[in-house]
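Here are a few notes to go with your first look at this one.

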Amino acid sequence: MDLQHQHHKCKSHKRTLFSHKEILLVFALIASLISHTGCDDTENFQKNIPARVVWAAPERDAELPCDLTPPSVHDNVKLVLWFKDSEGIPMYSLDSRNGATLKAATHSALAGIRGERLFFSVGDNPKDSKLKIRSVLEADGGIYRCRVDYFNSPTRNFRVNLTLVESPDEPRIFDAQGKEVTAVAGPFREGHELFLSCSVTGGRPAPKVTWWRDNVELISSTSHPSADEGASTVVNQLFIGSISRDFYGTRLECRAQGSKLLPPVVKEITVQVHLKPIKVKIVTANELLTAGRPTPIRCETWGSYPPAKVTWLLDGEPIRQADVTSNSEGIDANLTSSILTLRVSAENDGAELTCRSSNPWFSNGALEDKRRISVAYPPTVSVHLANEDPSRNITRAEGQNVTLKCRADARPPVTSFGWYKNGMRMTGEDSETLHLTFLERESTGSYLCSASNTEGETRSSSLYLKVQFSPRCKPGTEQMSVGALNMHSVQVKCEVEADPADHVKFAWTYNNTRNVSPVPSSRINSHGLVSAVTHMSQSETDIITLACWAENAIGRQSHPCLVHILPARVPDVPKHCELRNDSVMEVICQAGHDGGLQQHFVLEAIGATSNLYFNNLDSTRSTHELLDNEISTMNDQATLAPLVRIQENVPQFKLPPLEPGREYQLAVYAVNAKGRSENYIFDRVRVGSLLPPYDETIISEDPTPAETSNQKNRKVLVQQSPQTQTIVLAALVLAAGIIISSILVVGCVAICRVRRPKPPEPEEIRKRIRNARTDVPSMYAEDDTEDEYSRHHPQQQQPTDTRCSRASTIRSTRYVSEGFVQYSQPSLNDPDLILPRGSDIEFTNLNIGGA
């Protein structure tokens, strides 16, 4: 019969018992029992009965055992009574005195709440009989006694101590420093010890304190009782000598359990463990890096907590001021990545790049991943001599050889070379070596090389090559012509270029129509790179050539500087003259040939009447003068004297204001010591009273110098300024004086021209030149080319009296072939040579200091 059925049966018995109100009978029964048992229910007797402890949890059912087995197999239970504590009235009875079996016996319980919760269950085995108490209350705790009466055997008593269990207080967990842990324990370091203490106070029965991980009890703990403020306390200490990585993030439980009737009291915490990194790797592919270009490189590390510190090193040295980005990924930031923006140079090629992962909580245990980097960079270029001479300035002499080598360091290798001179690319030079053979003066300059690969082109620093050379004529002075007047001295200079420029020696030779002779060194005045002699012509028919030779440490000049001394002649007429009238009337011409002598230019103006009208005769730019020994030759009769005469070193003239409304004739000519040229004439120039709305320019295209221009009359208008009668009168007087002076000058000039002998033509001079001596080679090669004078003036010129000559000058022209010089080089080391007797050439010393 189950517990519910028995309970209902007990209720029906109780209802029957109390429904008949047989209270008197019950008391009679109790009295009978008391009298029957005698002294079995005394207090002293009960204390001697051993008590069996039965634990019960509040609000849960409890079972109190009572062994109903009779001492003899021929005996049976007659009556079962349950008492609590020292109460004399049974609280529950099972009556089978009527001979019924125990399961059919009558159940009786005292009225009240307790009685309703009691039921005695008879097991199939009399030993398993139990008094069941439903929903145990706190007041149900105590000593219960089960009395069993038999028909034949003596009564037996069993004591049961019903004790209500109590849950302990919540466990408290402490670390090694005695600090209470509430949620997270640690941090602990991987490989180091772990210590935790769990303390539990209270509880009945005394709880058992244990440590659990993942529902598995840890055997590394020890439990022992302790005293905490007078209450019983149980402590369990957990100690792990070397904590492993698998404790990272794990949860530990401290359980306190006194009885299985109640669930254990649990305190759960999380263990925090600091971990070393277990792996580090540079995950970016190891590709060729480009110098100067920033390249991101990624490194990843796993297993570290807190996130690992990533350090980058290049050849063992930390990369300072590097652009590094780090981030943590994954659960609990167990994965850390770092991105290095690496900017490499050519010097980093082959360097070792290291990614180091470490946890600051550990003094060791850092992990590294290394790789060798390859850097692509433009060539690093240098130029030097092939013999590895580090000099940056190289000096060589003409004719020597120099070999330059271009050294380049590049990745990938150099694909092409180039050479530059003075910043200009040298064509055809594309190899690593530059051969400069038979150096010349023009080889001097700065040389550098370039090298190219896929990363670009790089040029080296320059190397300067200086080529020293023997003397040579200064450009433009290789051949010069000098016009000479009879019995007048001519200064002859020679200027050369040389390197080295110190200790330059000079020697001169001269060639006339008779022979070639050296000039004695005593007659040569040299200073630095300039040498000079003074020559006096003694005949207007001789053509003399002076040759200047120089020598320095490199060698002797291969071609001399030539100076041709020619008979002087009158200058050519100015050409391409223009008459302009802007704010001031101007005449501008181009100079003709100077005849070999220094020349100047003159402008003359004559009028149809004797009236002269102009202002400001003393011009600051022009010289207005009447030459005392010359007269105007503006016409053949020279009947009119010039009103204005202006002299300039260049053929550019500014005229003073002329009288308005009057016609003038302008003449321009050149003058040198030999004489004067013919006139360039502007005929019938009229000066107006008002300025025209535009400027007129009169240009004479007539190249014939002697004749008057036949162009139609041209008018040049100038602004008229008010004049007084006094000024007009003074002008007339001055004009009359000029006319008279001009007549006198013209007369003198005419006399000079009559007396002047006709100069010989160059061809005639050549015919009269006698053959040179056979023992002295001629300086001249045959030259059939006519000189400039003969080409421009085929007509014969009137001879000029030497008394009318004033000065001489030097002019440049190509006159004599250079082929003769190899036969006429003088010795620069010989002492002064003595000229042959009867020489007609005179030399004088010339002081050219500072020239």
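**Notes on the salt bridges**

1. Start with glutamate 663, which forms a salt bridge with arginine 686, their closest N and O atoms lying 2.7 Å apart. (A salt bridge here is a side-chain nitrogen of Lys or Arg within 4 Å of a carboxyl oxygen of Asp or Glu.) Glutamate 663 sits in strand β52 (residues 663–672) and arginine 686 in strand β54 (residues 680–688), so the pair ties together parts that are 23 residues apart in sequence. Strands are DSSP runs (E, at least two residues), numbered from the N terminus.

2. Before going on: this is a predicted model, where local features need pLDDT of at least 70 and side-chain atom pairs count only at pLDDT 80 or more, while totals for chains, interfaces and linings use all residues. Residues are numbered from 1 along each chain as its sequence is written, and side-chain values use heavy atoms, leaving out hydrogens and water.

3. Next, arginine 245 pairs with glutamate 190 in a salt bridge, with 3.1 Å between the closest N and O atoms. Arginine 245 is in the loop between β17 (231–240) and β18 (251–257), and glutamate 190 in the loop between β12 (184–189) and β13 (194–201), so this pair links parts 55 residues apart in sequence.

4. Is glutamate 190 buried or exposed? Glutamate 190 is buried, at 15% relative accessible area, whereas arginine 245 is partly exposed at 25%. (Buried means under 20% relative accessible area, exposed over 50%, partly exposed in between, with a 1.4 Å probe and protein chains only.)

5. As for the total, the count comes to 28 salt bridges.

How values were computed. Helices (H or I, at least four residues) and strands (E, at least two) are DSSP runs, numbered from the N terminus.
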